[in-house]
Amino acid sequence: MEGLADDQVTLGPQDSYPNSSTASADTTSSSSQHVAKLQKLLYRRMLIGVNDGRYFLGLFQCIDKQGNIILQDSVEYRSARHSSSLPMEQRFLGLILIPAACRSSCHVDCFIEEQMSLLSLGT
């Protein structure tokens, strides 16, 4: 995918927030930390790979408690054939929902300083 920087943050399943009805005080503080991290990712370019080999590039709009992600202004990239010599086909999709069960990878565009702060690393 052209234009996607090497500095990326990977969004894992632990970054979706837990069910609030069963959350304890510790889980609630952990949940609010995850929500704060996710809020920093809003409206960033996100590249999501799905199990069937397709990729979706769009602006991160939201994530729900189950980990389903909505991308805005998204483009689908897929290989025309299984040969790596052919270029990827692309098509504009607009607003899409990608179920958590279908996701194989998830990367967010950001600068290295932002990546380190999102990963809670000191400089």
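Which residues have the most contacts inside the largest nonpolar core? They are Met-46, Ile-48, Phe-56, Phe-60, Ile-69, Leu-71 and Ile-98, and the core has 14 residues. A nonpolar core here is a set of buried Ala, Val, Leu, Ile, Met, Phe, Trp, Tyr and Cys residues joined through side-chain atoms within 4.5 Å. The elements that each give two or more residues to this core are helix H1 (25–41), strand E2 (45–50), strand E3 (55–63), strand E4, strand E5 (88–98) and strand E6 (103–109).

Before going further, a word on the model: it is predicted, local features need pLDDT of at least 70, side-chain atom pairs count only at pLDDT 80 or more, and totals for chains, interfaces and linings use all residues. Residues are numbered from 1 along each chain as its sequence is written, and side-chain values use heavy atoms, with hydrogens and water left out.

## The overall layout

The protein has 2 helices and 6 strands. Helices (H or I, at least four residues) and strands (E, at least two) are DSSP runs, numbered from the N terminus. Followed along the sequence, they give the pattern β-α-β-β-β-β-β-α.

Of the 123 residues, 31% count as buried. Buried means under 20% relative accessible area, exposed means over 50%, and partly exposed lies in between (1.4 Å probe, protein chains only). The protein exposes about 7,700 Å², and carbon and sulfur atoms supply 53% of that area. These areas come from the Shrake-Rupley method with a 1.4 Å probe; for residues, only the protein chains shown count as cover.

Contacts, meaning heavy atoms within 4.5 Å, can also be sorted by distance along the chain. Among those in the protein with a separation of 6 or more, 52% are between residues 24 or more positions apart.

## How the strands pair

Ile-96 is found in E5 and counts as buried because its relative accessibility is 15%. Leaving aside neighbours within four places in sequence, Ile-96 is in contact with Phe-56, Ile-69, Ile-70, Leu-71 and Ser-74. Ile-96 and Ile-69 are 27 residues apart along the chain, with 8.3 Å between their C-alpha atoms.

In strand E2 you can find Leu-47. Leu-47 and Phe-60 are 13 residues apart in sequence and 9.1 Å apart in space, C-alpha to C-alpha.

## A buried glutamate

Glu-76 sits in strand E4 (residues 69–79). Is Glu-76 buried or exposed? Glu-76 counts as buried, because its relative accessibility is 2%. Its side chain makes a polar contact of 3.0 Å with the side chain of Arg-54, and another of 2.3 Å with the side chain of Arg-91. A polar contact is a pair of N or O atoms within 3.5 Å; within protein, one must be able to donate a hydrogen and the other to accept it, and residues adjacent in sequence count only if both atoms are side-chain atoms. Beyond its neighbours within four places in sequence, Glu-76 is in contact with residues including Tyr-55, Phe-56, Glu-89 and Leu-93.

## Burial at a glance

Here are some further residues to look up in the structure.

| Residue | Relative accessible area | Class |
|---|---|---|
| Leu-47 | 10% | buried |
| Cys-62 | 32% | partly exposed |
| Cys-110 | 8% | buried |
| Tyr-43 | 53% | exposed |
| Asp-73 | 43% | partly exposed |

Two of these residues also have a backbone feature to look at. Tyr-43, in the loop between H1 and E2, has a phi near 65°, a positive value in a residue other than glycine. Asp-73, in strand E4, has a positive phi as well, near 50°.

As for the cysteines, how many disulfides are there? The count comes to 0, where a disulfide is a pair of cysteine sulfur atoms within 2.5 Å.
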